[in-house]
Amino acid sequence: MKKALIVGINDYAPIGSGGPDLNGCINDARDMANTLVICGFAPTQIRILTNQNATRANILKYLKSLVNNSVKGDSLVFYYSGHGTRVANIGADLEIDGLDEAICPHDYASAGVIRDDDFKAVLSKLKAGVNLEVIFDCCHSGTGTRKMDLGLDMDFSYEAARFIPPMLEDEFYMTYASEIPLSKSSKKESFTTKALVPVAGLNHTLWAASKDNQVSMEGNMSGQIRGYFTYHFCKILRATNGNIVRKTLDKQIAMALAAMGAAQINQTESITAEFSQKIFS
């Protein structure tokens with residue numbers, strides 16, 4: 001069976017104006033849901049959480065349900081469109097265990113972010129033989145922004161980065177990350193790299209809208225505010241009905257982003273064998 005959890009957050013707490021709100025994430029979530037239907041997902045098997053429903057507790061609850069209730073042969077999708085950030089991963093002993101990437105739920109300011117380690121804890125329960133695509137259209141770092149200058153059918157009078165600046169304590173550790181030795185208990189690298197490279201033992205495929213040191217942008221695409229990565233991801237999937245191998249999809253998205261002058265490069269991470277397999281298979 002094919003099942004999906006789709007999260008899109010334009011409205012960050014407080015409800016209404018006032019938070020670090022975005023404009024394209026609900027459009028992205030709608031497009032992703034409709035695209036998955038074209039790719040063979042039943043509408044009843046797609047759970048959508050947006051805005052105030054996309055709390056930290058709800059996202060984790062439904063992600064756990066998606067993973068834990070799956071059986072061998074299932075194909076799962078977890079999609080997130082919204083703000084991302086980076087946080088220092090500080091252990092109980094106040095040792096620094098590297099840097100975590102994190103997504104920002106609607107209530108992140110009060111409930112906290114959902115970090116790499118939170119996802120790993122859930123995804124470690126994924127059963128053998130279950131396919132999972134994790135798709136993030138958000139930022140994990142605040143460098144590398146620039147305006148785009150290609151006059152396609154796009155209006156750059158509105159353009160926004162999907163990025164929440166780190167808190168001071170996180171920003172401070174990031175600045176000196178290369179000089180800080182990791183605690184002995186940590187096996188993490190101080191920086192993760194996500195490219196079309198094999199990652200041994202990874203039990204899912206990760207699609208990221210940008211590299212760690214870039215921002216993921218949203219802007220006006222033919223009259224609608226959209227995440228640049230999701231726009232092309234869905235467009236290519238619809239054109240192929242999802243009948244496309246991962247490395248080809250990755251390459252076509254990269255080419256489309258480059259053609260529009262985007263200051264972000266998508267990244268795809270999985271085990272080697274998965275790159276030559278069809279998505280959702």
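**Helix packing and backbone**

User: N241 lies in the loop between α6 and α7. What is phi of N241 near?

Analyst: Quick housekeeping: this is a predicted model, where local features need pLDDT of at least 70 and side-chain atom pairs count only at pLDDT 80 or more, while totals for chains, interfaces and linings use all residues. Residues are numbered from 1 along each chain as its sequence is written, and side-chain values use heavy atoms, leaving out hydrogens and water. Helices (H or I, at least four residues) and strands (E, at least two) are DSSP runs, numbered from the N terminus. N241 isn't a glycine, yet its phi is positive, near 55°.

User: How far apart are the end C-alpha atoms of α7?

Analyst: Helix α7 covers residues 246-259, which is 14 residues. The expected span is 1.5 Å times one less than the number of residues. That gives 20 Å for α7, so the model agrees with it: the ends are 20 Å apart.

User: Within what arc do the buried residues of α7 fall?

Analyst: The buried ones (under 20% relative accessible area with a 1.4 Å probe, protein chains only; exposed is over 50%, partly exposed in between) are R246, L249, D250, I253, A256 and L257. Seen down the axis, taking directions from the axis to the C-beta atoms, they line one face of the helix because they fall within an arc of 130°.

User: Which residues on the other side of α7 are exposed?

Analyst: The buried residues of α7 pack (heavy atoms within 4.5 Å) against elements including β7, β10 and α6. On the other side, the exposed ones are K251, M255 and A258.

User: Are α1 and α6 roughly parallel or roughly antiparallel?

Analyst: Axes here are lines fitted to C-alpha atoms over the stretch in contact, with angles from 0 to 180 degrees between N-to-C directions. The cut-offs are under 35 degrees for roughly parallel, over 145 for roughly antiparallel, 65 to 115 for roughly perpendicular, and oblique for the rest. The α1 and α6 axes come within 9 Å and cross at roughly 15°. That makes α1 and α6 roughly parallel.

User: What does the angle make α6 relative to α7?

Analyst: These two pack with their axes 9 Å apart, at an angle of about 130°. That makes α6, relative to α7, oblique.

User: Which residue does a cis peptide bond join to A13?

Analyst: Look in the loop between β1 and α1. Omega is about 0° there, and the partner of A13 is P14.
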